[in-house]
Amino acid sequence: MHSVVHLLKSTQFPAVKRLNLETLQVNLGYLCNQSCTHCHVDAGPKRTELMQDEQIDQLIALMQQGWVKNLDLTGGAPEMNPRFKRLVRAARQAGVHVIDRCNLTILCEPGYEDLARFLADHGVEVYASLPCYLEDNVDRQRGKGVFDASIRGLLQLNALGYGDALPLNLVFNPQGPVLPPPQQSLEADYKRVLFEKFGVVFNRLVTITNMPIARFGSTLVSKGTFDTYLNTLKGAYREDNLAAVMCRSLVSVDYEGVLYDCDFNQQLRWPVRDAQGRALTLASLSQHALDDIKVIVGEHCYGCTAGQGSSCGGALAA
């Protein structure tokens, strides 16, 4: 796989000012039951990296301090970490809102038959990956049979109240080096087609720009389109999106407990560092530990500010 780190370091992207830290976005490991071409963490069934009990205990202790508002769990398939349920239970007991970034197909895997019920019982908000409402497009990007399994997963969630009393959001990624279409109009298309064909309902669609890093970045290099895509992102830069970028109030945590400004910096191995240049970890995290530390920016940051903007919560601009 081609490294793209050297292509992203030098940048004129503007400085980002932090706000109050509210969200811990935690990567529980790279193990996943799928291998998707757009995946910026290069997750897959053969990955063995998983967060261990030491880091889980540190996360629970932080949430018990009372300042963490949101726990955003990602992977890989975060549910494949055997400590997933313990962490979710502890977070909810501490009054923390929990988000599960679910690929949907995990709900149909052997051994995970009770997962949807567990999420519903604990009031977990679900962000579910579904890169298109057409079967051919989804299977082309994520593998044969993925669309069918995803629909079955959605129907499981709907039967438990997701899409109504419980929040269910679908996540769209473009299939190539292009910006996502307008979020509102695409959401209307998703809702119409999924309900008419399958009876599926959901609350919101969020569109996320593909970042030119990891597996997707390597693919761009292989095809000779890396510079073209980066110029697309830079050409669509909107300054007003800076006010809402997720790194202002979020810290990303890798499976070893190292801290990063965002999930994308995590994959580039650009950790948050103190004045002495030491990488910070969960052991040194507190509500105000990052206040005076600059956010590390690179060329990929244009992906968050291009067009309608992009974050883990979807478009930044109306």
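Strand 2, helix 3 and strand 3 form a right-handed β-α-β unit; right-handed here means that, with the strands pointing away from the viewer, the path from the first strand over the helix to the second goes clockwise. Helices (H or I, at least four residues) and strands (E, at least two) are DSSP runs, numbered from the N terminus. The model is a predicted one, so local features need pLDDT of at least 70 and side-chain atom pairs count only at pLDDT 80 or more, while totals for chains, interfaces and linings use all residues. Residues are numbered from 1 along each chain as its sequence is written, and side-chain values use heavy atoms, with hydrogens and water left out.

Within that unit, strands 2 and 3 pair in the parallel sense over four bridges, where pairing requires that DSSP finds at least two bridges between two strands. Leu73 has Asp100 in strand 3 as its bridge partner. On to the next step: strand 3 runs parallel to strand 4, joined by four bridges, with Ile99 partnered by Glu125 in strand 4. Strand 3 (residues 97-102) has five of its six residues buried, so it is largely enclosed by the rest of the structure; buried means under 20% relative accessible area, exposed over 50%, and partly exposed in between (1.4 Å probe, protein chains only).

All of this belongs to an open sheet of eight strands, ordered 6-5-4-3-2-1-7-8 with mixed pairing. Its edges are strand 6 and strand 8 (259-260), each of which pairs on one side only. Strand 1 (residues 23-27) is parallel to strand 2 (residues 70-74), over five bridges, and Thr23 sits opposite Asn70 in strand 2.

Then there is strand 5 (residues 168-172), where five of the five residues are buried, so the strand is largely enclosed by the rest of the structure. In a regular strand the side chains alternate between the two faces of the sheet. Here both faces are covered, with Leu168, Leu170 and Phe172 buried on one side and Asn169 and Val171 on the other. Strand 5 pairs with strand 4 (residues 125-129) in the parallel sense over four bridges, and Val126 stands opposite Leu168. Four bridges also link strand 5 to strand 6 (residues 204-207), which run parallel, and Phe172 has Thr207 as its bridge partner in strand 6. The chain gets from strand 5 to strand 6 by way of helix 7 (residues 183-198), in a right-handed β-α-β crossover.

As for helix packing, the axes of helix 2 (residues 53-63) and helix 3 (residues 84-93) come within 9 Å and cross at roughly 10°. Axes are lines fitted to C-alpha atoms, for helices over the stretch in contact, with angles from 0 to 180 degrees between N-to-C directions. That makes helix 2 roughly parallel to helix 3 (under 35 degrees; over 145 is roughly antiparallel, 65 to 115 roughly perpendicular and the rest oblique).

The peptide bond from Gly75 to Gly76 is cis, with omega near 20°, and Gly76 lies in the loop between strand 2 and helix 3. Ala214, in helix 8 (residues 214-223), has a positive phi near 50° and counts as buried at 17% relative accessibility.
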